[in-house]
Amino acid sequence: LSGYDIRQIKNDFPILNQSVNGHKLVWLDNAATTQKPRAVIDATSRFYERDNSNIHRAAHTLAARATDAFEGAREKLQRFIGAHEAAEIVFVRGTTEAINLVAQSYGRANIGAGDEILITTIEHHANIVPWQLLAKQTGAVLRVAPVNDKGELLLEQFAALLSGRTKIVAVTHVANALGTINPIEQIIALAHAYGVPVLVDAAQSSPHLPLNVAALDADFLVLSGHKVYGPTGIGILYGKRELLEAMPPWQGGGHMIRDVTFTHTEFQGLPEKFEAGTPDIAGAVGLGAAVDYLEQIGLPAIAAHEHALLEYATAEFERLPDVRIIGTAAAKASVLSFVVKGHDVTDVAKYLDSYGIAARSGHHCAQPALRRFGVEATVRASFGLYNSFEDVDTLVSTLRLLVRH
Ligand code: PMP
């Protein structure tokens, strides 16, 4: 791939330069979390070394610097996802908190007994459980759109589940356990034909595909910083201004108020209304540095590189005896979920680890998705922007050693 210097990119990530169990570390657990480039580590430590202060409402210099850094990060995230204005970006702990916020604030205000919430079979638990909690609280009903044997959403059946009762659609853009890329444009168009807002879970798509909420016409979009090479503990909720404005606050506390008496509180406008308490300021600064880093390389180049890796790895896996790939959608991003006949998934992951390869085993917080394919757990190798064809070769040759045993 011309212009994509994998050696230079690997050098940007200090953690990759180590041996694990006597072998060079091969990090293939990117769907769980990604490693951090030097630029993110430096931005975070520079913040603590020079600028650390609580933000807003202070006259001193460091407070102004910290506020500028925090709000500057918000603008970077706005550009990263193509939102119209920075006020539509709410900093949260991550995807999980963002979905809970929408379920409890938008959901409690707009979804009642007998109303329907529509998700798909291949969601992460973070896009199932918050809706179940809401359904329990309100008497709403959770509907689930099915997928075919490849793990592709059955769009006609999805469309047939939409009705006047549907009050929100919440779908993942890329499925974490299978890698399926959902046809998000069509999903949004179908839902909007019924006037139903759509929440896009971009936790897995944000590191791999260019996002533009304005072009998509997404109503809500959520992502986690730690999946886009940023820190843990920080993420964003994007919401269209008119939706966020109409939503009641979720958590109450400092920062989110304009005036408080013991009988009445006036809330701030967007986005502060949803940011009660001291946020993860350094986390936001680190996340801003992460999206700068991604933009410098370019999401289209990253997507092309990772697509080539996945195609190569898939072809190699198909030649491995006793290995079954779970999730064979035509449109996939960066995830190879698999089981090995005669071998427990944990044993496979431990075997890989003994050769320095980090891959995840388990249900990947997507039990209903895996059960659709008759398995409780898989081994998952997931690629990031720093993975090389050599990394794939190491994975495949190590698996070949295992299946020969
Ligand atoms: N949705 C998807 C598709 C995910 O992959 C993940 C993380 N595995 C989440 C939601 C939850 O993200 P977090 O744990 O960062 O809140």
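Let's start with Tyr293: this residue is buried, with a relative accessible area of 4%. Here, buried means under 20% relative accessible area, exposed means over 50%, and partly exposed is in between (1.4 Å probe, protein chains only). What you're looking at is a predicted model, so local features need pLDDT of at least 70, side-chain atom pairs count only at pLDDT 80 or more, and totals for chains, interfaces and linings use all residues. Residues are numbered from 1 along each chain as its sequence is written, and side-chain values use heavy atoms, with hydrogens and water left out.

Now for the rings. A pair of aromatic rings is described by the distance of the centres and the angle of the planes. Rings of Phe, Tyr and Trp (its six-membered ring) pair if their centres lie within 6.5 Å; planes under 30 degrees apart are stacked, over 60 edge-to-face, and the rest tilted. That rule gives 10 aromatic pairs. One of them joins Phe13 to Tyr293, edge-to-face, at 5.7 Å centre to centre with 80 degrees between the planes. Together with Tyr229 and Tyr386, Phe13 and Tyr293 make one aromatic cluster.
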